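Hello,

Here is the structure I promised to hand over. Please open it first, then read my notes below.

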Amino acid sequence: MKYAGKKLLSMLVTLLAVSFLVFLAFDLIPGDPALAQLGTNATPERLESLREEMGLNEPFLVRYFKWIGAFCTGDLGTSYSYHISVGDMISEKLPISICMTLMAFAMVLLISIPLGILSAKHEGGRLDTIICTLNQVLMSVPPFFSGILITLLFGIILKWFTPGGFVSYDENFGAFLGYLFFPALSIAIPKAAMSVKMLRSALVTELEKDYPRTAYSRGNTPNQVMYSHVLKNGLIPVLTFFGMALTDILTGSIIAEQVFAIPGLGRILLTSIMNRDYPVVQAIILLMAFVVIVVNFLVDLLYQKLDPRITVE
Amino acid sequence: MKEATRKKLIGLLVFTALTTALSGCNGAGDKTGEENSSQITVGIAQDLEDSLDPHKAEAAATREVLFNVFEGLYKPNCDGELIPAVAEDYACSEDGLTYTFTLRENVKFHNGNTVTAEDVISSIKACADTSEGTPLIPAFSNITSIEKAGDRTVVIMLAERDPDFLSYIASVKAAITPAGQTDADTNPIGTGPYRYVSRSVQENIVMEKFDAYWGKAAYIENVTFKVCADADSLVMNLNGGAVDMMAHLPVSQAQQLSEEFTILEGTMNLVQGLYLNHDFEPFTDERVRQALCYAVNKDEILDIVSDGKGEQLGSSMFPNFRKYYLPELNDTYSYDPEKAKELLAEAGYEGRLSFTITVPSNYPQHVDTAQILAEQLKEVGVTVKIEQVEWNTWLSSVYSERQYEATVVGVDASNLTASAMLSRFCSDADNNFINYNNAEYDAAYEAAQLEINDEAQTQLYQECEIILAESAANVYIQDLAEMVALSDEFTGYEFYPLYVQDISKIRPAENS
């Protein structure tokens, strides 16, 4: 309980710090939201009245506290450029980012766990060598590059999907997931490769310990040793990585969204930064920070579940 | 239990994804000719990051799309003439101060209501409101009163004569919208051939044909404006069949398109140039500016940037503005590097002139042009540094604060008036971002504004263009080539002398 309280407090402090930094960053970079809106039609008077309307003429701290005050009451504000509620804008795009992240994460798990185990089981064997070599290559391919290759191969040459033919989830959910498959794959590949490597080495280390030998001597089959004894212990270091991978995938989806022309959160984030649309940028970044913190918290709790000897303080 | 459900869910998710992806079926990709004829997907390079209220919409990219939804009392046609729209006629008093508009009978808004004189008055008033300083349409500060004179008659009185008044009335900004509408930012209601249906941020804007349109009905039922922000994925979008039409294509991309597209060629109706900050010490000397003009080889720029397409320019006016355009100004400075060197030596800058070109990085044509300029200027001993900035930084530091030395950009006209191109060079203009200060020009422009006779006025505006050219206000380069890709399934695209995509003219090709 005490732990949860502590965690919660540190979470709030982190979020506050993130929001402050983002706010500050926007104050420092060149570009003015009012001018971004008026473009080349700006006249000094109109610029001034728009700045007043947007509340940009107030001192930095006043603006910050006003914003954070409204944010805490659930009012995320209105987008400067679109004139629609930031809450609506984000909730419309959230399913896209969630689906893509979950799909990519599921791919990481589905690929890496079986392969990691297989590789560890055949340590030093031919299969292990093949997996390890392949791993090394895939690990070093950045998602934007694999994204382009995938688009070229599956989109242009094989025509398994239409590049840029994104279908909205409320239009056709099946087609929507279908379109997300390849972007998710491009994000998942390097992460899965890293996971295989981590899991393999964790399992190999565990297999060399005394307790697997004891387990064998008690008459367990290799599979029993692997699945009921070694795997649990081997997963602990990998779990941290999975947590990191999940948050990485979420933020990495910004790039995949660009490459595959998916109008998700990342795309809004980028254009909002370019338009100096603070309310939108603030909300999305805070949301992402929040997810990162929560995932880390969950990973901590999971440790305990996997290994009761670990206590989180 | 929970664990199990989650596992199942994830499993299901992956399974569905796998099956749909592997079976190769994808909603957007499936096209059959029948369905297509009443649906067109138009690619737009930029989302409407703007209010959808036509009075407040600032970006040209927004107005170009909203043109299909809104109309003013008058509107431009593709020849640049102003034709009656919500009004069926107008009369102008002899002194040019009183405009009497007769409204067309039974024009419907997209919400089904009939347009009344009150709607017209509230719309014009919204654009002329001076309570926050400059009104939304600056020229409307000239309006002294706007009154109803009968059910279908609206009288607008001006303080001063303004021959361009009808052009402002015909702009999308002066569109007629329902009086008292409070959600205009997000729910545009106009009188145009298409009705707004929905939008999804960074994704699309959907419109459908308005059946109760007063004029010639549109051909195509449903229009989706799809945001294709990434230039590289754009060609794939077109070739892959996700987009049927795309305007403002650079030549390099148009060349990559498959044979299923017709490429229409026009010009962008803007003046691309190396704009010089006249407050930057070397550029205060006319000889230096002229030297730059002589040093630039426009043929080469056009060849490299757009495969020789585009129109070379010599002043701040583009060819589609036929009435004012003077083609001979293009020959004011022919390519002559020797002369450029001489002029630089005369001005005392031989081999020691260096400056920075600040160029907005989101316009590849301008970036390319800047790079070629840098090479060409190097040959006459001028050192050029190129600084790429994103558009909003350009807006604030170059356009608004004028903290720059030179920039390559395209200047366009927001309406069909000569002043839209020329007013910015008056020394006291708010948008005179080059700090041009020439008493002779100010006098000529003012005289043009005051002139009542149309022919004499045109001549005075041309005089302004000549002054700009002769004083080498900027290094004028070209009106960029504009490529429009239209799928073979459609025909009927029309170029406007303004930033407009008129979808109502597009129809299914007969033999498809």
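**A buried glutamate, then the interface**

Set aside the neighbours within four places in sequence, and A:Glu206 is in contact with A:Tyr211, A:Pro212, A:Val230, A:Asn233 and A:Gly234. Keep in mind that this is a predicted model. A:Glu206 sits in helix α8 of chain A, which covers residues 173-207. Is A:Glu206 buried or exposed? A:Glu206 has a relative accessible area of 10%. Buried means under 20%, so A:Glu206 counts as buried.

Now to the contact between the chains. Chain B brings 51 residues to it, and chain A brings 54 residues. The area buried between chain B and chain A is about 4500 Å². Carbon and sulfur atoms give 59% of that area.

One of the salt bridges joins the side chains of B:Glu390 and A:Arg276, at 2.5 Å from N to O.

Which elements of chain B supply at least two residues each to the side that touches chain A? They are α1 (2-23), β8 (194-200), β10 (222-227), α6 (231-240) and α12 (391-400). α1(B) gives the most to that side, with nine residues. By type, the residues on the side of chain B that touches chain A divide into 18 nonpolar, 19 polar and 14 charged.

Best wishes

Technical notes:
Residues numbered from 1 in each chain as written. Chains lettered and ligands numbered in written order. Predicted model: local features only at pLDDT ≥ 70, side-chain atom pairs only at ≥ 80, totals over all residues. Heavy atoms only, no water. Contact = heavy atoms within 4.5 Å. Buried area = accessible area lost by both parts, 1.4 Å probe. Salt bridge = Lys/Arg side-chain N within 4 Å of Asp/Glu carboxyl O. Helix = DSSP H or I, 4+ residues; strand = E, 2+ residues; numbered from the N terminus. Nonpolar A, V, L, I, M, F, W, Y, C, P; charged D, E, K, R; others polar. Buried < 20%, exposed > 50% of the residue type's maximum accessible area, 1.4 Å probe, protein only.
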